[in-house]
Amino acid sequence: MNNAMLLVLISIVMMAIAIPFIIRSLLWNRVLKQLHKGQYEDVLKSLHSNAFKLFFSEYDRQYNCLRVYLAKSENKKIEEQTKVLLAMKLSEQQAYQVASQTYFYFLEKGNKEICSQMLEFIKNKADEETIRYNSMLYRVMIEKKYEDIEPLERMLVDMEQAKVKKDYQADHQVQMGLLQYLLALQYSYKKDRKMMEAYVHKAKGNLKGTPYYKKVKQLYS
């Protein structure tokens, strides 16, 4: 084989490698633009198109459909799509991705079966701090235990004393509100209405304008 033929062969191989990558990039960039514009139905059509089926794995397509349904807050679709993904043979990393996207959703819904499964995925992949935090959420929101009152109160004190830059104060306030909400929940399980109401009052102030505000108010009923 002479040098000219060798160069042609190398060029063909490089093109064979590059072309699918280029097409994938073009398809994905189109989806990102649609997402940015809030064109969710167009995103779903793209994900179910023959081009996506050819250049993307089944997991990639189904996982991104789940992300769209979460963005649209379509409860029924979220639950159906999660079941589709859980029925697939997932790698450890893929299972962790699904859990990261859906764990908080199913916590709020009180779905013990799926939350338990998602927590196991998290335990298999996440760092110790993430595992501790998510395990605590499971105990409080699913098992309705109140064994985390003391550590959460210590954490809240630290947050109240922390010096926070102006740009991060709003997020910091919401984080404090979430801790107060979790404490209010635990005191409600403990039948300590006085402490529950104290934390509800604080949480309402910090969570106003967020999805959790309504949940906090419901504790009074």
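At what angle do helix α6 and helix α7 pack, and how far apart are their axes? Keep that in mind while you orient yourself. The model on screen is predicted.

**Whole chain**

Start with a cartoon view. The chain has 12 helices and zero strands. From the N terminus on, the elements read α-α-α-α-α-α-α-α-α-α-α-α. Now colour by burial. Of the 221 residues in the chain, 35% are buried. Take the contacts between residues at least 6 apart in sequence: 57% of them join residues at least 24 apart.

**Stop 1: α6 against α7**

Select residues 92–109 for α6 and 112–125 for α7. Here is the reply to the opening question: the angle is about 135 degrees, and the axes lie 8 Å apart. The two helices are therefore oblique to each other. Their crossing is left-handed.

Show side chains next. From α6, pick Glu92, Gln93, Ala95, Tyr96, Val98, Ala99, Thr102, Tyr103, Phe106 and Leu107. From α7, pick Ile114, Cys115, Met118, Leu119, Phe121, Ile122, Asn124 and Lys125. These residues make the contact between the two helices. By type, they divide into 13 nonpolar, three polar and two charged.

**Stop 2: α9 against α10**

Move on to residues 149–161, which are α9, and 169–189, which are α10. This pair packs at about 155 degrees, with axes 10 Å apart. An angle over 145 degrees counts as roughly antiparallel, so α9 and α10 are roughly antiparallel to each other. The crossing is left-handed.

On the α9 side, select Ile149, Leu152, Glu153, Met155, Leu156, Met159 and Glu160. On the α10 side, select His172, Gln175, Met176, Leu179, Gln180, Leu182, Leu183, Gln186 and Tyr187. The contact residues comprise 10 nonpolar, four polar and two charged.

**Stop 3: Gln180**

Stay in α10 and centre on Gln180. Is Gln180 buried or exposed? Its relative accessibility is 2%, so Gln180 counts as buried. Which residues does Gln180 touch, leaving aside its neighbours within four places in sequence? The contacts are Leu156, Glu160, Tyr199, Lys202, Ala203 and Asn206.

**Stop 4: salt bridges**

Side chains of opposite charge can pair when their charged atoms come close. The structure holds nine salt bridges. Visit these:

- **Glu58 and Arg61.** Their side chains meet in a salt bridge at 2.3 Å, N to O. Both residues lie in helix α4, residues 58–72. They sit three residues apart, about one turn of the helix. Glu58 is partly exposed, at 38% relative accessible area, whereas Arg61 is buried, at 6%.
- **Arg139 and Asp148.** Here the N to O distance of the salt bridge is 2.8 Å. Arg139 is partly exposed, with a relative accessible area of 21%. Asp148 counts as buried, at 7% relative accessibility.
- **Glu143 and Lys145.** The closest N and O atoms of this salt bridge are 3.4 Å apart. Glu143 is partly exposed, at 33% relative accessible area. Lys145 is partly exposed as well, at 36%.
- **Glu41, Lys72 and Glu74.** Select the three together. Salt bridges link them in a network.

**Stop 5**

Most residues other than glycine have a negative phi, and most peptide bonds are trans. Which phi does Ser73 have? The value is positive, about 55 degrees, although Ser73 is not a glycine. Look for Ser73 in the loop between α4 and α5, the latter being residues 75–86. With 53% relative accessibility, Ser73 counts as exposed.

Now jump to Lys191. Where is Lys191 found? Lys191 lies in the loop between α10 and α11, with α11 at residues 193–207. Lys191 has a positive phi of about 65 degrees, and it is not a glycine either. At 74% relative accessibility, Lys191 counts as exposed.

Notes. Residues are numbered from 1 along each chain as its sequence is written. This is a predicted model: local features need pLDDT of at least 70, side-chain atom pairs count only at pLDDT 80 or more; totals for chains, interfaces and linings use all residues. Side-chain values use heavy atoms; hydrogens and water are left out. Axes are lines fitted to C-alpha atoms, for helices over the stretch in contact, and angles run from 0 to 180 degrees between N-to-C directions. Helices (H or I, at least four residues) and strands (E, at least two) are DSSP runs, numbered from the N terminus. Angles under 35 degrees count as roughly parallel, over 145 as roughly antiparallel, 65 to 115 as roughly perpendicular and the rest as oblique. A crossing is left-handed if the near helix is turned anticlockwise from the far one by less than a right angle, and right-handed if clockwise. Contact means heavy atoms within 4.5 Å. Ala, Val, Leu, Ile, Met, Phe, Trp, Tyr, Cys and Pro count as nonpolar, Asp, Glu, Lys and Arg as charged, and the others, Gly among them, as polar. A salt bridge is a side-chain nitrogen of Lys or Arg within 4 Å of a carboxyl oxygen of Asp or Glu. Buried means under 20% relative accessible area, exposed over 50%, partly exposed in between (1.4 Å probe, protein chains only).
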